[in-house]
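Good morning, and thank you for making the time. Please take a moment with the sequence and the model, and then I shall go through them with you.

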Amino acid sequence: QVQLVESGGGLVQPGESLRLSCAFSGRSFSTYNMGWYRQSPGKQRELVAWSPRVGSIEILNVPKSVKGRFTIARDNAKSTVYLQMKSLKPEDTAVYYCRAWSSSSEYWGQGTQVTVSS
């Protein structure tokens, strides 16, 4: 059973940066695709960044609104994936979720709140 634990959310001002972490345990980290999603009230959950496992042929798109501002980094030695967010905007306010998936299973973290407000 895979467990995902997110951390790093909080309240930041517009224009600031924030880094989220997702610690993975329970299976072989390198065999899973890893992604960050977000969901704000009244909106569907959307993918904002992802890191494919070695050998993956998936193609996933992220919104133009986060391109160039959000970066995912994967540390296989620590079984952790990070989401570096810069130039944050109020519209980035959401609960951010970590997801791990393979061809046969998927897992979600509990989510971490990010609020961008002055």
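Let me begin with a definition: a residue is called buried when its relative accessible area is under 20%, exposed when it is over 50%, and partly exposed in between, using a 1.4 Å probe and protein chains only. On that scale, 43% of the 118 residues of the chain count as buried.

A word on the source. What you see is a predicted model, in which local features need pLDDT of at least 70 and side-chain atom pairs count only at pLDDT 80 or more, while totals for chains, interfaces and linings use all residues. Residues are numbered from 1 along each chain as its sequence is written, and side-chain values use heavy atoms, with hydrogens and water left out.

I turn to the overall architecture. The chain contains zero helices and 10 strands; here helices (H or I, at least four residues) and strands (E, at least two) are DSSP runs, numbered from the N terminus. The C-alpha trace spans about 40 × 25 × 25 Å along its principal axes. The radius of gyration, taken over C-alpha atoms, is compared with a globule rule of 2.2 Å times the number of residues to the power 0.38. The chain has a value of 14 Å, close to the 13 Å from the rule for 118 residues, so it is as compact as a globular protein of that length. Contact means heavy atoms within 4.5 Å. Among contacts between residues at least 6 apart in sequence, 54% join residues at least 24 apart.

Next, the pairing of strands. Strands of a sheet pair through backbone hydrogen bonds, either parallel or antiparallel. In this description, two strands pair if DSSP finds at least two bridges between them. Four strands form an open sheet in the order β1-β3-β7-β6, with antiparallel pairing. Its edge strands are β1 (3-7) and β6 (70-75), each of which pairs on one side only. From one strand to the next, the twist averages 15 degrees, where axes are lines fitted to C-alpha atoms, for helices over the stretch in contact, and angles run from 0 to 180 degrees between N-to-C directions.

How many bridges join β6 to β7? There are six, and β7 covers residues 80-85. Within this pairing, Arg74 has Val81 in β7 as its bridge partner. The loop between β6 and β7 holds Ser79, whose phi is near 50 degrees, a positive value in a residue other than glycine. A further case is Ser87, in the loop between β7 and β8. Ser87 also has a positive phi, of about 50 degrees, and counts as partly exposed at 38% relative accessibility.

Strands β4 (residues 33-39) and β5 pair as well, in the antiparallel sense and over five bridges. Arg38 stands opposite Glu46 in β5. Six residues lie between the strands of this hairpin, and Gly42 takes a positive phi near 80 degrees there. Strand β5 (residues 46-51) is mostly covered, with five of its six residues buried.

What, then, lies inside? A nonpolar core is a set of buried Ala, Val, Leu, Ile, Met, Phe, Trp, Tyr and Cys residues joined through side-chain atoms within 4.5 Å. The largest such core has 27 residues, and those with the most contacts inside it are Leu4, Met34, Trp36, Leu83, Met85 and Tyr96. Among the elements giving two or more residues to this core are β3 (18-25), β8 (94-101) and β10 (112-116).

Two residues illustrate the packing. Phe70, in strand β6, is buried, with a relative accessible area of 9%. Setting aside residues up to four places away in sequence, Phe70 touches several residues, including Arg38, Val48, Leu83 and Tyr96. Ser21, in strand β3, is buried at 17% relative accessibility. Beyond its neighbours within four places, Ser21 is in contact with residues including Val5, Trp36 and Val81.

Finally, which residues does the disulfide join? The bond connects Cys22 to Cys98, with an S to S distance of 2.1 Å; a disulfide is a pair of cysteine sulfur atoms within 2.5 Å. The pair links distant parts of the chain, with Cys22 in strand β3 and Cys98 in strand β8, 76 residues apart. With -80 degrees about the S-S bond, the link is left-handed. Cys22 counts as buried at 0% relative accessibility, and Cys98 likewise counts as buried at 0%. A search of the whole structure finds one disulfide.
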